[in-house]
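The following note sets out points for a colleague who is examining this entry. Please read the points with the sequence and the coordinates at hand.

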Amino acid sequence: MHKDALWHGSREMADNFDIEFDHVTFGYGEKPVLKDVSFTLKQNHSYALVGASGSGKSTIAKLISGFYRVDQGRIKIGGFPLEDYSEKSILGNIAFVFQDVKLFKTSLYENVAMANVSASREKVMEAFHRAGCDSILDKFNDREKTIIGSKGVYLSGGEKQRIGIARAILKNARIVIMDEASAAVDPENEHELQKAFAELMKDKTVIMIAHRLTSVRNVDEILVIEDGQVIERGSDSELMKQESRYKFFQDLYAQANEWRVREHA
């Protein structure tokens, strides 16, 4: 079955950015990925979607962004159905940060500035600074004028990710979706990246999809997705006190890391 993107209306988003899934069913083919799912995410809170591969985490993120039309039910932002909003309003208020950041063969400055073409130079440079990119610019004689892809220009995965975060900070969208954003980061970039994430997440509604369970402990609430359903939700401390599915995942993750340490000991 072909899935069209939403037909967009003309409504502009106002001050309420609560996200609601109201009995949502969706599948890419005949088999549903999400089945009669209902939940609410409050604005200016941070959430993590946790679950096995194929459980429906990334699908939820794509549906919030209006990439697909749901089969049944409604997705609302600020109390209004997603399809009521203009495309410009959805694009302007939702930012995606992917694991594999796409940088274009232009200057570092242009790679960030494209997120908001009306932003002043001061605002672009502030976004670099807030994303912890000063040390990246310092590597190159031409700093922010350095051309991506030119001779001698190399950025690690974590450095590319910070440029991507600077772009998202400049965009200043009210809803930020991070899909496996720290999965492939080199250890030396991890600390800088976490600081950059903290800057990006200020006063935003944040939805984080992560296999790396260490990165979700500080969010306001964790939603555990299994077979297209939200089976439990709560903070890390709340879920770890129970015999929850989340605790099972965390214990498994800790065991796997322990084995890895022993192998290298």
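1. A residue is called buried when its relative accessible area is under 20%, and exposed when that area is over 50%. The model discussed here is a predicted one. Ser244 has a relative accessibility of 6% and therefore counts as buried, given the cut-off of under 20%.

2. When neighbours within four places in sequence are set aside, Glu232 and Leu239 are the residues in contact with Ser244.

3. Asp203, in the loop between α7 (187-201) and β8, has a phi near 55 degrees, which is positive although the residue is other than glycine. Its relative accessible area is 62%, so Asp203 is exposed. Asp227 lies in the loop between β9 and β10; this residue is not a glycine either, and its phi is positive at about 50 degrees. With 56% relative accessibility, Asp227 counts as exposed, because the cut-off is over 50%.

4. In what order do the strands of the open six-stranded sheet follow one another? The order is β6-β7-β8-β3-β9-β10, and the pairing is mixed. At the edges stand β6 (94-98) and β10 (229-234), each of which has a single partner strand, so one side of each lacks a neighbour in the sheet. On average, neighbouring strands of this sheet are turned by 20 degrees against each other, direction ignored.

5. At one end of that order, β9 (residues 221-226) and β10 run antiparallel and are joined by five bridges. Within this pair, Ile222 has Gly234 of β10 as its bridge partner. Helix α1 (residues 57-64) packs on the sheet, where it touches β3 (46-50), β6, β7 (175-179), β8 (205-209) and β9. The direction of α1 makes about 145 degrees with that of β8.

6. Five bridges connect β1 (residues 19-26) with β2 (residues 34-41), and the two strands run antiparallel; Phe26 stands opposite Leu34 of β2. Strand β1 also pairs with β4 (residues 72-77), again in the antiparallel sense and over five bridges. In that pairing, Phe21 stands opposite Ile75 of β4.

7. The nonpolar interior is the next topic. In soluble globular proteins, nonpolar side chains tend to be buried together. The largest nonpolar core of this model comprises 44 residues, and those with the most contacts inside it are Phe128, Ile163, Ile165, Val216 and Ile222. Helix α6 (residues 157-171) supplies the largest share of this core, namely six residues.

8. Which residues does Ile165 touch, residues up to four places away in sequence not being counted? They are Val97, Ala131, Leu193, Ala196, Phe197 and Leu200.

Technical notes: Residues are numbered from 1 along each chain as its sequence is written. This is a predicted model: local features need pLDDT of at least 70, side-chain atom pairs count only at pLDDT 80 or more; totals for chains, interfaces and linings use all residues. Side-chain values use heavy atoms; hydrogens and water are left out. Two strands pair if DSSP finds at least two bridges between them. Helices (H or I, at least four residues) and strands (E, at least two) are DSSP runs, numbered from the N terminus. Axes are lines fitted to C-alpha atoms, for helices over the stretch in contact, and angles run from 0 to 180 degrees between N-to-C directions. Contact means heavy atoms within 4.5 Å. Buried means under 20% relative accessible area, exposed over 50%, partly exposed in between (1.4 Å probe, protein chains only). A nonpolar core is a set of buried Ala, Val, Leu, Ile, Met, Phe, Trp, Tyr and Cys residues joined through side-chain atoms within 4.5 Å.
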